Amino acid sequence: MSYLDNIRNFSIIAHIDHGKSTLADRLIEKTGLVEARDMKEQYLDNMDIERERGITIKLQTTRLKYKAADGQEYILNLIDTPGHVDFNYEVSRSLAACDGAVLVVDATQGVEAQTLGNVYLALDEDLEILPVLNKMDLDSARPDDARAEIEDIIGLDASEAPEISAKTGMGIDEMLEKLIEVIPHPEGDPDGKLKALIFDSYYDSYKGVIIYTRIFDGRVRRGDIIRMMNTGKNYEVTEVGYCIPGTVPADELKAGEVGYICGSIKQVADARVGDTITLASNPAEAPLKGYKKAQSMVYCGIFPAEGEKYENVKDALEKLQVNDAAFNFEPENSAALGYGFRCGFLGLLHMDVITERLAREFDLDVITTLPSVVYKVVMKDGRVLDIQNPSNLPDPTLIAHIEEPIVKADIMTPNEYVGSIMSLCQNRRGNMIHMEYLTKTRVQLHYEIPLNEVIYDFFDALKSRTRGYASLDYEFLRYQTAKLVKLDILLNREQIDALSTIVPEEEAMAKGRGICEKLKDIIPRHQFEVPIQAAIGQKIIARETVRAYRKDVLAKCYGGDITRKKKLLEKQKAGKKRMRQFGTVTVPQEAFTEVLKLDDGR
Amino acid sequence: MTERPPKAETVNDLALKTGLYLHFPFCVKKCNYCAFLSFDAEGSPRKEYTEAMIKEIETRGLFFNHEREIDSVYLGGGTPSVMDVSQLSLIMKAVRKNFDIKSDAEITIEANPGTLGKTDRVTRTKLQAYRFMGVNRLSMGVQSMNNDRLHLLGRIHTAEDVIRDFRMAREAGFDNINLDLIFSVPGETTEDALKDAEAIIALGPEHISCYSLQLEEGTPFYEMADQGLITEVDDEEDRRTYHEICSLLKKSGYEHYEISNFARLADEDIGKDPDAVSPFRSIHNSGYWDMSDYMGIGLGASGFISRIRYRNTPDLNEYLTFFREHDPADIYISDIPSAEYHINSEFDMLSEKVFTGLRRREGIKYSETGLTEEEFWRVFSYGRKEAERFSEQGLLIIDKEGLRLTEKGIDISNSIMAEFV
């Protein structure tokens with residue numbers, strides 16, 4: 001009998017709030033790792049933003065010890081996965097480090113699109129899947145319906161799915177026993193050539209980059225010279241160990257085990273998720289399959305707000321990049337906003353998280369411009385340019401055609417919302433591929449939609465139209481030719497480059513009108529009229545006017561009013577500081593991000 | 001009781017112009033637009049309030065230690081005229097005993113039409129009594145001369161009451177009377193407001209205050225506007241009204257000496273000297289815009305003495321209890337329960353001087369700030385560009401002496417003043 005027989009490497013996959021984190025907490029508590037009183041709620045999600053949004057972005061991995069009913073002690077390596085579509089690739093690498101997965105289905109809700117997406121990813125990795133029904137403590141739990149959905153939609157046998165409540169701890173022991181039975185132990189040759197999969201990494205200011213890894217073959221210990229097989233870089237190992245959680249050093253890591261490796265690595269981009277680690281002295285023949293360099297799908301400009309230093313923003317972006325290989329940036333110069341950065345993200349959520357971290361962790365005041373996708377601009381001379389900044393779009397007369405990214409979007413919804421989702425997708429230039437009834441009341445819609453249409457407020461629109469019941473999963477499909485034009489915005493006849501967008505020609509009029517109306521609400525009244533115009537090239541296609549204000553005066557100012565009046569004036573001045581001055585027009589900073597949240601019922 | 005150190009806490013900068021403000025937080029009925037602290041006069045502890053106020057007068061008087069003369073006294077509210085004559089008389093006696101009131105001091109009482117007396121005889125007696133107490137200026141909250149509008153505002157009087165009370169005030173010997181006017185009442189047009197102003201001018205008061213109605217949170221008007229029952233007059237109409245009233249008043253011989261305040265010129269200056277200064281400017285209120293000291297006395301009253309801005313507690317119970325339980329001889333003025341207490345920094349002083357000064361016809365002179373022109377603009381270097389832009393737009397006049405708003409600049413005075421805080 002091998003040590004491998006007593007190891008189980010698994011992930012928990014679940015739709016966003018179906019209780020994955022709560023279950024992880026319960027497992028950690030159950031296996032005695034952390035005393036119940038020390039449990040921070042949702043142990044694995046450790047970033048503030050994640051906690052607030054109830055989602056997991058960065059992975060946390062934990063080694064649990066469990067004494068099973070058969071009297072033996074098992075090592076359970078729980079590998080956490082991010083719970084959002086933007087992080088699909090990271091999910092797939094985490095799953096590749098596992099031998100099985102626990103599929104958590106909310107017994108009150110049933111199967112959702114993202115669950116399905118992750119299940120397919122797990123099946124791609126040949127993982128054994130153990131379905132469990134969660135939230136069984138709630139009166140609204142419908143275990144039989146949920147079971148039927150798992151069988152009908154996913155095709156998994158759910159007849160023996162444990163019924164649990166991660167919240168109360170009910171059924172957790174039964175689940176763990178079942179897990180040991182169903183999920184296979186890892187295989188591998190501890191004496192073979194080292195092959196270890198990087199499934200996550202983060203930067204620690206003392207140890208450098210800490211790599212989370214699953215060893216498939218061979219062993220690694222301190223002092224070894226390791227090689228990243230895809231990037232080709234070598235590092236000396238300074239420490240290996242287990243995540244219990246945190247980092248607890250050990251003598252070595254060997255085949256089948258999950259743990260961490262440190263090697264004075266300066267930034268996470270040098271230890272990319274999906275890369276294979278081997279020994280420089282005795283390298284494996286080929287890396288593990290599935291490595292992919294993270295691709296930015298969404299871009300936006302980040303500029304220091306009035307009074308914020310460029311250098312501070314740069315420092316913060318560099319620090320974030322050290323920890324996030326999927327995030328990249330380069331300097332950018334805008335006529336309207338001055339010096340700043342063009343930043344690339346996996347998706348809109350990734351962008352939100354980064355900008356929020358800038359504000360929260362680094363206390364920075366930044367302006368974020370409208371997000372944009374990457375367009376392939378085919379020039380008449382045959383050159384192909386990647387353009388993600390509308391300001392860089394070449395002269396239209398030199399362009400042969402423009403291609404835009406299209407995503408495959410899967411939307412799962414209760415059938416009553418199908419009509420409104422279809423009209424939403426149609427308005428967003430979506431093309432329905434097909435629609436299937438998963439059960440009598442659950443429908444999955446398959447669409448091809450330009451990514452450009454998804455990145456603005458598609459999630460919000462989808463949620464509001466379906467009262468939060470629909471779920472979305474999307475992935476890049478292909479580039480496709482489209483009739484696109486650059487839409488410029490002029491304030492008081494001055495073009496503001498940071499407000500330019502690339503839009504489909506047939507929608508330019510409506511979009512231009514929408515943006516002008518929105519800006520009319522955002523831009524404060526000045527002492528003069530401020531015309532707001534939308535233009536394509538020289539042609540004005542929409543116009544609004546911010547009327548001049550006539551009154552900003554306090555009629556009474558006597559003994560008791562002076563302190564109050566002073567506070568009011570100070571507030572007014574502070575408000576003005578948060579504005580950007582364009583010639584004679586003052587624009588609040590939020591204009592740049594708010595402007596395309598067009599609440600026009602589309 | 002332990003021995004307290006001798007009272008070293010007395011005022012040290014003498015010879016400053018100083019006012020006294022006494023606050024009376026009682027009203028017959030709260031008006032629909034009013035957000036001020038006030039209580040129903042009916043059943044209110046006016047007697048206890050009088051006793052507490054007298055003790056506060058004694059406490060604060062000890063602080064001045066007879067080393068400073070008082071230029072003005074202002075009895076405001078609320079509605080001071082709902083107090084009994086005997087109560088006001090005791091208070092004024094205490095004021096004179098504890099402070100050194102200049103012989104020519106301006107002493108004002110706010111008296112709302114309809115609150116003076118139920119009969120002409122009572123009104124006449126009350127007005128006489130005020131004269132005997134030394135009150136030499138009357139400020140009447142007329143607000144409108146249109147009965148429908150007065151009703152909407154929640155006032156308890158009519159235009160006829162105003163005319164009668166004004167006549168009786170004159171008969172009682174008041175030769176310095178202010179009338180308050182509110183314009184931009186929901187539904188009111190510029191023409192309506194001008195009719196009001198004309199009716200007020202026809203009475204011939206020495207002083208007129210004109211306020212544009214502001215909807216304040218927590219007032220019945222605010223609620224009504226929220227429910228769509230009334231509609232605020234739009235900015236364009238409001239400003240048109242303001243400027244029309246300004247020119248009507250100027251034409252009628254009034255000096256526009258502060259954003260909302262007008263004082264009648266001496267007869268010989270009317271229509272002759274455009275630079276003439278009215279002898280009827282309010283001494284007390286001018287103090288607020290000149291950064292003079294003022295001692296606030298009474299519930300929720302604000303004061304500004306020797307660079308300290310304070311506000312007494314607005315909690316009636318706390319106020320009454322404190323003075324019931326303490327003897328003025330045993331307490332410092334800093335013991336008086338306060339809601340605010342702030343020692344102004346040099347910059348606070350400067351910026352307050354600028355924004356209060358800009359309210360005046362004269363504007364703010366560099367010399368008043370203690371700075372040279374160059375120093376002034378060094379301190380406000382960040383506001384200079386904006387100030388010059390305002391000047392180009394004809395909203396602000398900047399010259400060798402200082403800066404002042406134009407009549408057009410008043411409309412957006414907050415944004416100009418905000419450059420200097």
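Colleague: What percentage of the 602 residues in chain A do buried residues make up?

Modeller: Please keep in mind that this is a predicted model. A residue is counted as buried if 20 or more other C-beta atoms lie within 10 Å of its own. In chain A, which has 602 residues, the share that is buried comes to 47%.

Colleague: How many helices and strands are there in chain B?

Modeller: For chain A, the secondary structure comes to 14 helices and 32 strands. In chain B, 45% of the 421 residues count as buried. The secondary structure of chain B consists of 16 helices and 17 strands.

Colleague: In what order do the three strands of the open sheet in chain B lie?

Modeller: Strands of a sheet pair through backbone hydrogen bonds, either parallel or antiparallel. Here the pairing is antiparallel. Strand 15 (364-365) and strand 16 (396-398) of chain B each pair on one side only, and they are the edge strands. The order in chain B is 15-17-16.

Colleague: Which residue in strand 17 of chain B is the bridge partner of Ile397(B)?

Modeller: Strand 16 of chain B pairs with strand 17 (residues 402-405) of chain B in the antiparallel sense. Three bridges join this pair. In strand 17, the partner of Ile397(B) is Arg404(B).

Colleague: Into which classes do the residues of the side of chain B that touches chain A divide?

Modeller: At this interface, 32 residues of chain B are in contact with 21 residues of chain A. Several elements of chain B each supply at least two residues of that side, including strand 8 (207-212), helix 8 (235-251) and helix 11 (346-357). By class, the residues on the chain B side are eleven nonpolar, eleven polar and ten charged.

Colleague: Why does Leu16(B) count as partly exposed?

Modeller: Leu16(B) is located in the segment before strand 1 (18-24) of chain B. A residue is buried with 20 or more C-beta neighbours within 10 Å, exposed with 12 or fewer, and partly exposed in between. Leu16(B) counts as partly exposed because the number of its C-beta neighbours inside 10 Å is 15.

Methods: Residues are numbered from 1 along each chain as its sequence is written. Chains are lettered from A and ligands numbered from 1 in the order in which they are written. This is a predicted model: local features need pLDDT of at least 70, side-chain atom pairs count only at pLDDT 80 or more; totals for chains, interfaces and linings use all residues. Two strands pair if DSSP finds at least two bridges between them. Helices (H or I, at least four residues) and strands (E, at least two) are DSSP runs, numbered from the N terminus. Two residues are in contact if their C-beta atoms, placed from the backbone, lie within 7 Å. Ala, Val, Leu, Ile, Met, Phe, Trp, Tyr, Cys and Pro count as nonpolar, Asp, Glu, Lys and Arg as charged, and the others, Gly among them, as polar.
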